[in-house]
Amino acid sequence: MKIVIVGAAGLVGKEFARQFSNGHQVLALTHSDLDITDAPYARRIILNENPALVINCAVLGVDACELDPSLACAVNFRGAENLAKAAAAVDAEFLQISSNFVFGGKRKDDSFYTIKDVPTPINTYGQTKLAGERAVVAASRGSFIVRTSWVFGADKGNFFSTAPRSLYAAKKIRAITDAWASATHVRDLVSRVHEILTFRYYSTYHVVNDGLCSYYDFALEAGRILKIPDSDLMHLIEPVKLCDLRLQAKRPRYSPMRCMVSEELGLAPLRDWRAALAEHILADSSLNKCQ
């Protein structure tokens, strides 16, 4: 089928384009190709292409949202709505990538967020992503909402993607000890979405690797996979609290997720994040120590 992927320059968008190009006709659009805040142009592109599926990976990041709430609303909320309305006009299915940040992070530490939990975002990013979810569902009856978190993979500048390379290069890093969530390998995310789409069951899904971790746990595990002695890791990884970093946006303290809908469809949980991290590190040719 014909698929339009929006936000294709990012880690998730690139992986969707890579995996879905096998067997489908994919049009991968970056921000320079399509500004989703321009509703008439977005509609014209979708109507001209007439896809069977639109995947929206376009997003304004967490701290950028706090600095410019108007742009956050335009991209994460109205932009998603513009695309969903255009998709509905050609009877295309619509997939919206969302986030664990729609939750406030106040669950008990031995539990996981499911779709039964009421979203209570604590920052502009979470608020606009939640608004985007609701706008998509209202605009398109054939919509999938996929919430994920702490996505890592090659060529991504976030902590989870860069920590292994920094440790391998013996560069010191700071890792948060008091924020926990589900880490997600981008290949596992996209592979599971591919499975979900085959059911054509329109709902909200939580797609993350099994288990939970803090930033510090993740860095420590990466170091051990790299076979760096614990004594060296204690020197390379500086434990910090969220408040120490003075970030623009508040972060949920505890927001791991579990997917009830996938379970109802008979899909097993994704592999543990440690196994996914090990595969990611082993596949990185720049980490020759692990080859």
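**Exercise 1.** Find the element that gives the largest share of the lining of the second largest pocket.

*Solution.* Start with H1: four residues of this lining come from it, the largest share. Helices are DSSP runs of H or I with at least four residues, strands are E runs of at least two, and both are numbered from the N terminus. Next, sort the lining by class: five residues are nonpolar, four polar and eight charged. Here Asp, Glu, Lys and Arg count as charged; Ala, Val, Leu, Ile, Met, Phe, Trp, Tyr, Cys and Pro as nonpolar; the others, Gly among them, as polar.

The model is predicted: local features need pLDDT of at least 70, side-chain atom pairs count only at pLDDT 80 or more, and totals for chains, interfaces and linings use all residues. Residues are numbered from 1 along each chain as its sequence is written, and side-chain values use heavy atoms, without hydrogens and water.

**Exercise 2.** In what order do the six strands of the open sheet lie?

*Solution.* Read across the sheet: E2-E1-E3-E4-E5-E10, with parallel pairing. Two strands pair if DSSP finds at least two bridges between them. Now go to the edges: E2 (25-29) and E10 (204-206) each pair on one side only.

**Exercise 3.** How many bridges join strand E3 and strand E4?

*Solution.* Take E3 at residues 53-56 and E4 at residues 93-99. Four bridges link them in the parallel sense. Then pick out Ile55: its bridge partner in E4 is Leu95.
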